[in-house]
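Please read it with the sequence and the structure open side by side.

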Amino acid sequence: MSTASAPRPRWRPAAGRQHHAGPLTYVLLVLAAVVSLFPLYWNLVAASHTGERVVEAPAPLLPGGHLFDNLAFAWNQVDMGRALINTTVVAGLVALSTVVFATLAGFAFAKLRFRGRNALLAVVVATMTVPPQLSVIPLYQIITDLGWVDQLQSVVLPSLVAAFGVFFMRQYLIEALPVELVEAARVDGAHSLRIVWHVVFPVARPAMAVLGMLVFVQAWNDFFWPFIALTPDGNPTLQVALAGLGSGNHSVDQAIVLTGALISTVPLLLVFAVLGKHIVGGITAGAVKN
């Protein structure tokens with residue numbers, strides 16, 4: 001009499017086993033890196049040629065010999081140094097204020113119980129559907145009455161907090177912050193501000209880093225409202241200064257414009273190079289589940 005053999009157990013990878021990438025993975029990664037870096041490379045190439053050569057077909061693919069001349073011309077045609085400082089101040093203040101206020105509001109919506117919480121959250125989320133063009137006229141009237149035209153506060157104050165940041169931090173804190181941790185802090189006698197400083201901020205640090213980077217880049221590249229509130233010859237940000245770059249006698253020097261775009265891109269690359277590891281490390285630490 002034959003006995004039925006026991007079913008063979010399915011193979012399961014051991015816990016903690018590391019999977020090694022194959023050659024195809026490296027090929028795909030190299031292709032993705034080339035595709036991502038090519039626009040930046042061609043911007044550098046275009047900035048090293050004359051305007052006539054840039055618009056010719058076929059487009060140049062190798063660097064030329066006019067890079068430093070174009071950099072000097074772009075830097076002097078508009079007040080690029082002041083524009084860099086203004087943009088750094090605006091983007092830094094907007095990112096800092098958005099991270100702080102969005103974290104506070106996100107914590108309130110995620111863990112605090114108060115009347116009308118869901119309705120108020122719905123209103124906050126609904127504001128993301130309103131086009132910014134609708135608020136231009138009343139906002140410009142306000143800054144005109146306050147005498148803030150061509151002043152940096154006219155760009156910073158309307159952007160102190162964003163609905164996206166509030167919703168982003170709320171969604172993160174719902175999962176990352178245990179309500180028992182907040183209740184334990186209250187039992188120990190901690191007031192709300194102390195809970196926020198010693199409990200909420202440390203837990204929310206990975207999301208705060210990501211949100212801060214996103215808002216910083218968005219504020220750095222913002223053009224629509226700064227172009228209305230500021231002037232290229234007065235107190236411009238980088239994007240406003242670039243709007244008046246390369247203009248001449250009924251023509252625009254595309255090489256000079258792309259040189260200015262290159263100047264405005266380099267600080268962002270430096271920020272990513274310095275803070276990239278910290279942001280990735282924070283995300284990884286926040287992804288570890290106890």
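Helices (H or I, at least four residues) and strands (E, at least two) are DSSP runs, numbered from the N terminus. By that definition, residues 255-275 are 100% helix and 0% strand, and the C-alpha atoms at the two ends of this stretch lie 31 Å apart. The model is predicted, with local features needing pLDDT of at least 70 and side-chain atom pairs counting only at pLDDT 80 or more, while totals for chains, interfaces and linings use all residues. Residues are numbered from 1 along each chain as its sequence is written, and side-chain values use heavy atoms, with hydrogens and water left out.

**Annotated segments**

- The unreviewed UniProt entry places the feature "transmembrane region" at residues 21-42, 83-107, 119-143, 155-174, 195-217 and 255-275; UniProt positions follow the numbering used here, feature names are shortened, and annotations may be inferred rather than shown by experiment.
- Over residues 195-217 the chain is likewise 100% helix and 0% strand, with 30 Å between the end C-alpha atoms.

**Contacts of H10**

- Helix H9 (residues 179-187) packs against helix H10 (residues 192-221) at an angle of about 145°, with the axes 10 Å apart; axes are lines fitted to C-alpha atoms, for helices over the stretch in contact, and angles run from 0 to 180 degrees between N-to-C directions.
- In this contact (heavy atoms within 4.5 Å), Leu 181, Val 182, Ala 185 and Arg 186 of H9 meet Ser 192, Ile 195, Val 199 and Val 203 of H10.
- The residues of the contact of H9 with H10 comprise six nonpolar, one polar and one charged, where Ala, Val, Leu, Ile, Met, Phe, Trp, Tyr, Cys and Pro count as nonpolar, Asp, Glu, Lys and Arg as charged, and the others, Gly among them, as polar.
- H8 and H10 also pack at an angle of about 145°, with their axes 10 Å apart.
- Among the residues that meet here are Phe 164, Phe 168 and Tyr 172 in H8 and Val 203, Ala 207 and Leu 211 in H10.
- The contact of H8 with H10 has 15 nonpolar residues, one polar and no charged.

**Largest pocket**

- A pocket is an open set of points on a 1 Å grid over the protein atoms alone, where a 1.4 Å probe fits, with protein on both sides within 12 Å along at least five of seven lines, and lining residues have an atom within 4 Å of a point.
- The largest pocket has a volume of about 910 Å³, volume being the space filled by probe spheres set on the points, which are joined across faces, edges and corners.
- Of its 27 lining residues, Pro 132, Pro 158, Ser 159, Val 161 and Ala 162 are the closest to the centre of the largest pocket.
- H10 gives the most to this lining, with four residues.
- The lining of the largest pocket has 20 nonpolar, six polar and one charged residues.
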